[in-house]
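Dear colleague,

I am handing over to you the structure shown below. After it you will find an account of what was found.

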Amino acid sequence: MNTDTENYGCEVVCFTGDVGQGIKELEGLEEKAKASGACQLEVKDLKEEFVRDYIFPCLRAGAIYERKYLLGTSMARPVIAKNKFRDYGVIYSSNRLWWMLPKKLEPMSSLMDAQEQEMTRHVRFELRFFALDPKLNVVAPWWEWDIIGREDAIEYAKKHNVPVPVTKKSIYSRDGNLWHLSHEFWFVFFFTFTDPANEPKMDMYMLTVDPEDAPNEPEYLKIGIVSGLPVSINGMELSPASLLSELNQIGRRHGIGLVDMVENRLVGMKSRGVYETPGGTILFTTVQELESLTLDRETMQVKDSLTLKYAELVYAGRWFDPLWESLDAFMKNITKTTTGSVTLKLYKGSVTVTSRTSPFSLYRQDISSFESGEIYEQFAKMA
Amino acid sequence: MARPVIAKEVFFCFHVLLFFSIRRWLTLQMKSELMLLLTDARGKEMIRQVRFELTFFALNPKLNVVAPWREWDITGREDAIEYAKKHNVPVPVTKKSIYSRDGNLWHLSHEGDILEDPANEPKKDMYMLTVDPEDAPNQPEYVEIGIVSGLPVSVNGKELSPASLVSELNQIGGRNGIGRIDMVENRLVGMKSRGVYETPGGTILFTAAGELESLTLDRETIQTKDSLALKYAELVYAGRWFDPLRESLDAFMEKITETTTGSVTLKLYKGSISVTSRKSPYSLYRQDISSFESGDIYDQADAAGFIRLYGLPMRVRAMLEKGL
């Protein structure tokens, strides 16, 4: 039964973007799409575009939201929205449903994921569409139909014989892509996770090894950077998505990148989420460390200040906002000389820097040393 | 942070002495050795001088600063050591121990020797306050910090005075390898320098306070606070403690953290800190709103309207671009 044609009287095409959610998520998708009434399914591999055009700019800017969140979900939305729009300009009135698909790659999950408290997701997609076509009409069934919660959505799906991947038992709402895996708690019956007073259970983590079970020997890693963006690992050059993927593997086995935080959502409430960002955490540390060689004092101050705003805009889905674009132009320019390499030590959940080098380093041993130097005349300071 | 407290204290105790003596006694209070005046007043460590002198200027603008290192024929640490020996002044540092260290209750810093090349990893035996993470206990240690209006008051339920509290956390942090920072920083006087810092208790406290704020501060507030904190740190780094700008920023910080009261539990494990619990009677986090189920406070019908209004500038811009 085609719920969409039944309700909206138009054909529905299912689109999904592969942003690194994992093979399992993509399995059986076509059948599910058709079972929900779509006439066809298109899966597009967006991984390289995702990393190169969305992750890397944020990395270069050092954008972190509320001190800890590395913006994994926020960065994925624009790449999906952009690709969706590009290929399906004429069907967008129904697309609201399918826009939600890319997150979990299952038709029915659009209803479940369009829950209101997750409105940031809507905002991020829709702002993009507004920017591309102001006449777009957004249809979001969750807002119009008589569905007021995830439980209702599951019931609705069952009633219409739509396969539903999540059961009441699977109580975490997860969102994953090549950058991160997030865990939030959606089933209110179990208070344990939603209460920020409670420690997350280690069995909740899916990507990352518990630091206590990580290897007892540290692992050293050398990352090559050109103009603020990573290009190689241990001397081996890799494409953006492959590089990130490789660092995820390495980071995971050492328990790197587990973040537990209470964040302020765009729509006003606080929510508690746990994020696994293994490769990303390694990369952020790397790029920032190299900047300590290549950026002078005033520059670092201004960059750090602007990047707070940059992160807010990305978080709020304002990727193509001229303000964001201008800040990004600044970030791109200011990191032109951030080229070199950084060696890191990974050990039981922590990343420490052990070495940094750059041909554009502003650090000079002869000036910095406590011994004398001609360049730095102490008497000059008496003035 | 140590400079202002020392400078202020000296000023009030010794204002009748010649300034030269104050400078000396200043250093004496800090390290109890005369000769350190010469070694520590080295030109490139000017930031230290700046921090002390700015404080003196603020307290008495007629003060005249005399710093021998700047005037005498001493051009480096080696010369200073020679001079000291020639005048029979005991020198605690020998040519072998060539790290320059600076310690107080909050931290211990290391500079010099192989650290002067940022490509070099610090040697394991350089560290003094913290255990190497690889040698830290194999079991994590949990520590609960009680906070009132943004400031820590207790550790594991036991109330402690400020200094005792930091001291206690230094112990706990130290044995778990917490708080090692290796960085290349921009000094006030313009050059970059590489330093390694051990701040065990401080790192724990910063994490705890920041974590509690995620419960008690709303979105706009955190953004503004984080932005102002950058400036605050610059002023403190530059020795501008008694600057009205710093004082005003501090008034903001004190006010905005009034409700940051509660407790945070942290897990310390082999050099890393993770938060495991946060609680506050002033928490703005509400489980009923946050959950993905429906609730009375949060009306889903508001969503469509919010997005339309929030995205209005973008739509208008797009209309402009498309000539609509």
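Which residues are buried in helix α12 (residues 302–310) of chain B? They are B:Ala303, B:Ala304 and B:Ile307, where buried means under 20% relative accessible area, exposed over 50%, and partly exposed in between, with a 1.4 Å probe and protein chains only. These residues share one side of α12(B), because they cover an arc of only 100° around its axis; the arc is that of the directions from the helix axis to the C-beta atoms. On the face turned away from the buried side, α12(B) carries the exposed residues B:Asp302 and B:Leu309. As background, an α-helix has 3.6 residues a turn, so residues three or four places apart point the same way.

The model is predicted, so local features need pLDDT of at least 70 and side-chain atom pairs count only at pLDDT 80 or more, while totals for chains, interfaces and linings use all residues. Residues are numbered from 1 along each chain as its sequence is written, chains are lettered from A and ligands numbered from 1 in the order in which they are written, and side-chain values use heavy atoms, with hydrogens and water left out.

**The two chains**

Chain A has 16 helices and eleven strands, and chain B has 13 helices and nine strands. Helices (H or I, at least four residues) and strands (E, at least two) are DSSP runs, numbered from the N terminus. Of the 383 residues in chain A, 62% are buried; for the 324 residues of chain B, the share is 50%. Contact means heavy atoms within 4.5 Å. Among contacts in chain A between residues at least 6 apart in sequence, 73% join residues at least 24 apart. In chain B, residues 24 or more positions apart account for 62% of the contacts with a separation of 6 or more.

**Nonpolar cores**

A nonpolar core is a set of buried Ala, Val, Leu, Ile, Met, Phe, Trp, Tyr and Cys residues joined through side-chain atoms within 4.5 Å. The largest has 58 residues, and those with the most contacts inside it include A:Phe50, A:Trp179 and A:Tyr310. Helix α4(A) gives the largest share of this core, eight residues. A second, separate core of 20 residues includes B:Val143, B:Ile178, B:Ile204 and B:Ala208.

**Helix α15 of chain A**

Helix α15(A) covers residues 322–334, and its end C-alpha atoms are 18 Å apart. This agrees with the 18 Å that its 13 residues should span at 1.5 Å a residue, the expected span being 1.5 Å times one less than the number of residues. A:Trp324, A:Leu327, A:Asp328 and A:Met331 are buried in α15(A). Seen down the axis, the buried residues fall within an arc of 100°, so they line one face of α15(A). Their cover includes α4 (47–61) and α14 (297–315) of chain A. At the start of α15(A), a side-chain oxygen of A:Asp321 reaches to within 3.0 Å of the backbone nitrogen of A:Leu323.

Two strands pair if DSSP finds at least two bridges between them. Strands β8 (residues 258–264) and β9 (residues 270–276) of chain A are antiparallel and pair over seven bridges. A:Glu263 stands opposite A:Ser271 in β9(A). The hairpin that β8(A) and β9(A) form has five residues between the strands, and A:Gly268 in the turn has a positive phi of about 110°. In β9(A), seven of its seven residues are buried.

Strands β10 (residues 340–347) and β11 (residues 350–357) of chain A also run antiparallel, joined by seven bridges. A:Ser341 stands opposite A:Thr357 in β11(A). This hairpin has two residues between its strands, and A:Lys348 in the turn has a positive phi of about 45°. Six of the eight residues of β11(A) are buried.

**Individual loop residues**

A:Ser227 is found in the loop between β5 (219–226) and β6 (229–233) of chain A. Its phi is near 45°, a positive value in a residue other than glycine. A:Ser227 is partly exposed because its relative accessible area is 27%.

In chain B, B:His107 is found in the loop between β1 (100–103) and β2 (108–111). B:His107 is buried, with a relative accessible area of 17%. Not counting residues up to four places away in sequence, B:His107 touches B:Asp102, B:Leu129, B:Tyr197, B:Glu198 and B:Thr199.

Yours sincerely

Conventions. Polar contact = N/O pair within 3.5 Å; in protein donor to acceptor, adjacent residues only side chain to side chain.
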